Amino acid sequence: GAGNAVIAHDNPYNRWVAGEAASYFGSAVQCAEIFDALLGDAARLAEMRSASRARHAAAFTWDGTLSQYEALLMRWL
């Protein structure tokens with residue numbers, strides 16, 4: 001929601017939360033390589049920041065979350 005570029009450990013949960021535009025690593029070496037590449041790529045950082053804001057707006061707002069809880073509860077009634 002803050003619009004930060006996301007670099008995350010590569011696992012299903014992080015991929016679901018951060019989405020397609022984040023960068024993922026599986027080792028310390030890969031993480032360092034991602035940082036090195038991104039520090040020199042202002043355009044990619046801007047894309048990642050924008051994608052983070054869009055992912056938050058699409059999946060993690062209170063209105064959306066509450067609607068999902070309401071639908072779940074209605075199914076249980």
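**Exercise 1. Find the residue whose charged end sits over the ring of Trp16, and give its distance from the ring centre.**

Step 1. A charge sits over a ring if NZ of Lys or CZ of Arg is within 6 Å of the ring centre and within 35 degrees of the ring normal.
Step 2. Arg55 meets this for Trp16, with its charged end 5.7 Å from the centre of the ring.
Step 3. Arg15 lies over the face of Tyr24, at 4.1 Å from the ring centre.

The model is predicted: local features need pLDDT of at least 70, side-chain atom pairs count only at pLDDT 80 or more, and totals for chains, interfaces and linings use all residues. Residues are numbered from 1 along each chain as its sequence is written, and side-chain values use heavy atoms, with hydrogens and water left out.

**Exercise 2. Describe the aromatic pairs found in a search of the whole structure.**

Step 1. Rings of Phe, Tyr and Trp (its six-membered ring) pair if their centres lie within 6.5 Å; planes under 30 degrees apart count as stacked, over 60 as edge-to-face and the rest as tilted.
Step 2. The search finds 2 aromatic pairs. Tyr13 and Trp16 make a tilted pair, 6.2 Å centre to centre with 40° between the planes.
Step 3. Trp16 and Phe60 make an edge-to-face pair, 5.6 Å centre to centre with 85° between the planes. This pair links distant parts of the chain: Trp16 is in helix H1 and Phe60 in the loop between H3 and H4, 44 residues apart. Helices (H or I, at least four residues) and strands (E, at least two) are DSSP runs, numbered from the N terminus.
Step 4. Tyr13, Trp16 and Phe60 form one aromatic cluster.

**Exercise 3. Classify Tyr13, Phe60 and Ser52 as buried, partly exposed or exposed.**

Step 1. Buried means under 20% relative accessible area, exposed over 50%, partly exposed in between (1.4 Å probe, protein chains only).
Step 2. Tyr13 has 56%, so Tyr13 is exposed. Phe60 has 30%, so Phe60 is partly exposed.
Step 3. Ser52, in helix H3 (residues 42-59), has 13% relative accessibility and is therefore buried.

**Exercise 4. List the residues of the largest nonpolar core and name the element that gives the most.**

Step 1. A nonpolar core is a set of buried Ala, Val, Leu, Ile, Met, Phe, Trp, Tyr and Cys residues joined through side-chain atoms within 4.5 Å.
Step 2. The largest has 6 residues: Phe25, Cys31, Ile34, Leu38, Leu45 and Met48.
Step 3. Helix H2 (28-39) and H3 each give two or more residues to this core, and H2 gives the most, with 3 residues.
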